[in-house]
Amino acid sequence: MHVAVALYKLGSCAEYRVISNQFGIHKSTVKKFVYLFCKGMIQSPIKQLIKVPNEVETLELVRRFEAISRIPQIMGLIDGTHIPVLPTTDGYRDCVNRKGWPSYVLQGVVDDKGCCKMSGSAHDATVLHQSELFQKAHLLPKGVKNIEGEEVRLLVVGDPAYPSLDWLIKGYTNSPNVTPEQESFNVYLSSLRASYFPQDHTGEHIAEALQDALTSWKLNLTALVAITTDNRAKVVKAVQLNSWMRMQCFGHRLHLAIGHGMDDARITRAISLFKKVVSTFSYSWRKRRELAEVQMQLGLPSHQLITETTTRWGSRLLMIERVLEHERALSKVLSADMMIGEEYGTLSCVRPVLHLFNTSLLAPGEEDGELCKSIKTSIVNYLNNRYADPSTSDFLDIASFVDPQFRAKYIQTVPESVDRREAAVAHTAKKKRSLASFFQQSTTTSTTFTQREAIENEFSSYLLSVCLESDADPLKWWKEHEVANQH
């Protein structure tokens, strides 16, 4: 009867009053039976069930873990869970965990369970240091193995909350500096915390796996009322094959409803802009570095932008909130980037580049084979046809002409007036000046020009000016000669 009362209490979590009515005893007796049962289990049988594995058991664990994750020398996984409790008033604050309710922490190592009890507010690392597992870690099997010249002992895997020890490893912390190799290691390490499922993820195999899980947990299949799942077709099929009642996850349905409710062209465009901003910084380490510098200048927190993930609920809202939080910093970085992109105009180079392709770079040579000539001709013809439209061609001619590096050099049809002015430039350049001409005083005359004459004079002056160097900035040249070219 003692054991029956204790098992009934631990299995049902019913109140002492209910159990006392069930067994016909006082509720204080129920409490006493439960206490004696738990105390007896801790003092004797539980030490036979929860123990460090021997050498043979350890080798079997290592083999099984390596089959799952392909990482050698893993003998166990350490983690904790919270058990709800009713703490005393004076110790309530110490028992409140990060989720907001009072608990004790049960810490265990899978398959060779060592555990301890701590207040719910205690950190995982604190629980570990206070545990018997930590105090007797030197007794853990070492099983040293040589891997690529390095002696590696048997290891226990923990989550990022645990410290890195000679017998305990964890994944790399997520940061912009994580290498692809480290990310790959984290993926393999995370697979240890998932159930091994080597078969194809078909509805039939999932249905069989669900039945095996319930059997391993010793749950009565006939007592199953319903199962809550998402809307994936294979999962739905697995539930139907098992003839179980399926309840659709309300949270998943709510997430889908919100997505349908926001199916508006205006919202879609706004979300698209947010995604473009985030992707701009996600794929450029330079922009992330500039963002961090601007955040420091503006006194903003050094937060990374958040990318929306379709499988992560609420990630869209988190993405929008983070972009709005750093709107000033993002605007400053992007505006500076736009200014850098405007420092040099590339449109004026299109006509000269096409000229280079047609006359030298892609012009078929005598030493070229038939295949090479065919490829060059095909590329040149494709580009020429793309820019053959009269309006496009005129636009490229104008862009090339107003660039002080090129002017009329690459214009296909040069007006006669430009030819005469260029001839005058050449004639003026060849005419020699005597020494006395430098001492002649110029006579200032006041002449009034019409607008047409003023434009022609500026046009002539532009053609007479010295050509700009190839590596110079044409926009800077126009800025410096703004006064002389007002029209």
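## Starting at R288

R288 sits in helix 14, which covers residues 285-298. Keep in mind while looking around that this is a predicted model. With a relative accessible area of 24%, R288 is partly exposed. Its C-alpha atom is separated by 9.2 Å from that of L305, a residue 17 positions away along the chain.

## The chain as a whole

## Helix 1 against helix 3

Let us turn to helix packing. Two packed helices are described by the angle between their axes and the distance between those axes. For helix 1 (residues 2-12) and helix 3 (residues 27-43), the axes come within 8 Å and cross at roughly 90 degrees. Helix 1 is therefore roughly perpendicular to helix 3, since angles of 65 to 115 degrees count as such.

Which residues make this contact? Helix 1 brings H2, V3, V5, A6, L7, K9 and L10, and helix 3 answers with V30, F33, V34, F37 and C38. Sorted by class, the contact of helix 1 with helix 3 has 10 nonpolar residues, one polar and one charged.

## Helix 13 against helix 15

A second pair worth a visit is helix 13 (residues 265-282) with helix 15 (residues 315-325), whose axes come within 10 Å and cross at roughly 70 degrees. That angle falls in the range from 65 to 115 degrees, so helix 13 and helix 15 are also described as roughly perpendicular to each other. Is their crossing left-handed or right-handed? The crossing of helix 13 and helix 15 is left-handed.

On the helix 13 side, the residues in contact are I271, F274, K275 and V278, and they meet R316, M319, I320, V323 and L324 of helix 15. Seven of the residues in the contact of helix 13 with helix 15 are nonpolar and two are charged, with no polar residue among them.

## Positive phi in two loops

E148 is not a glycine, yet it has a positive phi of about 50 degrees. Where is E148 placed? E148 lies in the loop that links strand 4 (145-147) and strand 5 (150-152). Its relative accessible area is 81%, so E148 is exposed, the cut-off being over 50%.

S243 is another residue other than glycine with a positive phi, here near 60 degrees. The loop between helix 11 (233-241) and strand 9 (246-248) is where S243 is found. S243 counts as exposed because its relative accessibility is 65%.

## Cysteines

How many disulfides does a search of the whole structure find? The search finds zero. As for individual cysteines, C249 has a relative accessible area of 24% and is therefore partly exposed. C372, with a relative accessible area of 31%, is partly exposed as well.

Technical notes: Residues numbered from 1 in each chain as written. Predicted model: local features only at pLDDT ≥ 70, side-chain atom pairs only at ≥ 80, totals over all residues. Heavy atoms only, no water. Axes fitted to C-alpha atoms, helices over the stretch in contact; angles between N-to-C directions. Helix = DSSP H or I, 4+ residues; strand = E, 2+ residues; numbered from the N terminus. Parallel < 35°, antiparallel > 145°, perpendicular 65-115°, else oblique. Left-handed = near helix turned anticlockwise from the far one by under 90°. Contact = heavy atoms within 4.5 Å. Nonpolar A, V, L, I, M, F, W, Y, C, P; charged D, E, K, R; others polar. Disulfide = S-S within 2.5 Å. Buried < 20%, exposed > 50% of the residue type's maximum accessible area, 1.4 Å probe, protein only.
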